[in-house]
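Keep the 3D view open as you read.

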Amino acid sequence: SENLYIKTDKRERDIAVAFLVDMSGSTTGWVIETEKDSLVLMCEALTQLDDRYAIYGFSGKTRRQCDFYKIKTFEDRYDKDVKKRIAGMDAFDYTRMGAPIRHLTKIMEDVPARTKIMIILSDGKPEDFDEYKGEHGIEDTRKALIEAKQKHIRSFCITIDVEARDYLQHMYGEVSYIIIDDIEKLPKKLPEIYRKLTT
């Protein structure tokens, strides 16, 4: 019989993903170099998938200096300029996390996509040399993540801090983070994590 056609099931990926990369001083050396290698691999893969994605970095030094670095915006093509920006990423000050999460949430609000994901790459807990440490830094970051969720933006954290379990579950929930015990595994793990988050 030729009566086999039922319907056309058209499925299109409608995803926008932003990578927020910790560029604090503790990432100096092989940590930030591995982060850069991982980002290059992801850029190559996502360009083929045609998913919308962006890359931003953050650091900070008190509330008066919350640095937010544009590596690749959602509008940028993956070209030599973006590659130069990735190569030029460096370690700077402290892990002041709440402000960049809030700023990126505002950016992602204006991105038209059914699924929005913020992936945070970090090597440690939210911390600054002023009062932004301990419970203060953790609670401010948690509140920023809740605000992102209210805007329908899913957050996921990838960290190499082996002591992070104590505070990450409180900030992200039980299934919204992963601890990688060896930073050298990041280039392999990041594409796997991305696939699980977007399928």
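Met97, Ser122, Gly124, Pro126, Cys157, Thr159, Tyr167, Leu168 and Met171 line the second largest cavity. A cavity here is a set of points on a 1 Å grid over the protein atoms alone where a 1.4 Å probe fits but cannot get out, and lining residues have an atom within 4 Å of a point. This is a predicted model, in which local features need pLDDT of at least 70 and side-chain atom pairs count only at pLDDT 80 or more, while totals for chains, interfaces and linings use all residues. Residues are numbered from 1 along each chain as its sequence is written, and side-chain values use heavy atoms, with hydrogens and water left out.

The second largest cavity has a volume of about 40 Å³, a volume being the space filled by probe spheres set on grid points that are joined across faces, edges and corners. Strand S5 and helix H5 (165-172) each give at least two residues to its lining, and H5 provides the largest share, 3 residues. Helices (H or I, at least four residues) and strands (E, at least two) are DSSP runs numbered from the N terminus. Sorted by class, this lining has 6 nonpolar, 3 polar and no charged residues; Ala, Val, Leu, Ile, Met, Phe, Trp, Tyr, Cys and Pro count as nonpolar, Asp, Glu, Lys and Arg as charged, and the others, Gly among them, as polar.

Next, turn to threonine 105 in helix H3 (residues 98-109). Leaving out residues up to four places away in sequence, threonine 105 touches Met118, Ala148, Lys151 and Ile153, where contact means heavy atoms within 4.5 Å.

Finally, look at the hairpin formed by S2 and S3, with 5 residues between them. Strand S2 (residues 52-60) and strand S3 (residues 66-72) pair in the antiparallel sense over 6 bridges; pairing requires at least two DSSP bridges. Isoleucine 55 has lysine 72 in S3 as its bridge partner. In the turn, threonine 62 has a positive phi of about 70°.

How values were computed:
On a 1 Å grid over the protein atoms alone, a cavity is a set of points where a 1.4 Å probe fits but cannot get out, and a pocket is an open set with protein on both sides within 12 Å along at least five of seven lines; lining residues have an atom within 4 Å of a point.
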